[in-house]
Amino acid sequence: MTKQALLENEFSLPATDSPELTRISSTASPAPASGERGRLASVLVLRFLEDDPPLPAGFTPVDKIVAELEQDPAFRSRMEEGRRWVAETFYSHERGSLKSLRLAKGWSQSRLAEEIGTSQPHIARIESGSEDIRLSTLRRLAASLDIRVAQVVDAIPNVTLDGRTEKQ
């Protein structure tokens, strides 16, 4: 589960060597000398949430709306044309990246996931290079994108054919 942090407030507290303040902020100033007036230290308080905040009533995720609209072949065709335009216009400098190869086909991450039998978040992790990808997945990606497995490997950040990750 991904933890989210919310910035609660930015405020000032008297600077001190108090262990409580030390745990709250590493930016706290040293305690004032005896008789010296206390200085103020800026403290940011973060509250970590275990779960995502609840969605508003009636909220529909954009991905769900697009998926429903793409059931219409004419709409799907226009969206694919738009994605190809996005690939050419905004990702031409990334030619050969998995994202640009996917967009050049006019596919969303969800569509590519559907084509290879996985989930959209899995495709997002693969595209970012944060996923340790299996050979079977590489083969399915290559087949669905009509490219060689070596091209898929080249398209994924931090991956080499020998299975080692590269440092950026």
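Visitor: Which residues of α5 are buried?

Guide: This is a predicted model, and buried here means under 20% relative accessible area. In α5, the buried residues are Gln109, Arg111, Leu112, Ala113 and Ile116.

Visitor: What covers the buried residues of α5?

Guide: The cover includes α3, α4 (98–104), α6 and α7 (135–145).

Visitor: How do I read the packing of helix α5 and helix α6, and at what angle do they pack?

Guide: Look at the angle and at the distance between the axes. Helix α5 (residues 109–116) meets helix α6 (residues 120–128) at about 105°, and their axes are 8 Å apart. Angles of 65 to 115 degrees count as roughly perpendicular, so α5 is roughly perpendicular to α6. On the α5 side, Gln109, Ser110, Leu112, Ala113 and Ile116 make the contact; on the α6 side, Gln120, Ile123, Ala124 and Glu127 do. Sorted by class, that contact has five nonpolar, three polar and one charged residues.

Visitor: What comes just after α5?

Guide: Gly117 does, with a positive phi of about 75°.

Visitor: Now to another place: where does Glu70 lie, and is Glu70 buried or exposed?

Guide: Glu70 sits in the loop between α2 (62–69) and α3 (73–90). Its relative accessible area is 10%, so Glu70 counts as buried.

Visitor: Which side chain makes a polar contact with the side chain of Glu70?

Guide: That of Arg83, at 2.9 Å. Leaving aside residues up to four places away in sequence, Glu70 touches Phe75, Arg76, Met79 and Arg83.

Technical notes: Residues are numbered from 1 along each chain as its sequence is written. This is a predicted model: local features need pLDDT of at least 70, side-chain atom pairs count only at pLDDT 80 or more; totals for chains, interfaces and linings use all residues. Side-chain values use heavy atoms; hydrogens and water are left out. Helices (H or I, at least four residues) and strands (E, at least two) are DSSP runs, numbered from the N terminus. Buried means under 20% relative accessible area, exposed over 50%, partly exposed in between (1.4 Å probe, protein chains only). A polar contact is a pair of N or O atoms within 3.5 Å; within protein, one must be able to donate a hydrogen and the other to accept it, and residues adjacent in sequence count only if both atoms are side-chain atoms. Contact means heavy atoms within 4.5 Å. Axes are lines fitted to C-alpha atoms, for helices over the stretch in contact, and angles run from 0 to 180 degrees between N-to-C directions. Angles under 35 degrees count as roughly parallel, over 145 as roughly antiparallel, 65 to 115 as roughly perpendicular and the rest as oblique. Ala, Val, Leu, Ile, Met, Phe, Trp, Tyr, Cys and Pro count as nonpolar, Asp, Glu, Lys and Arg as charged, and the others, Gly among them, as polar.
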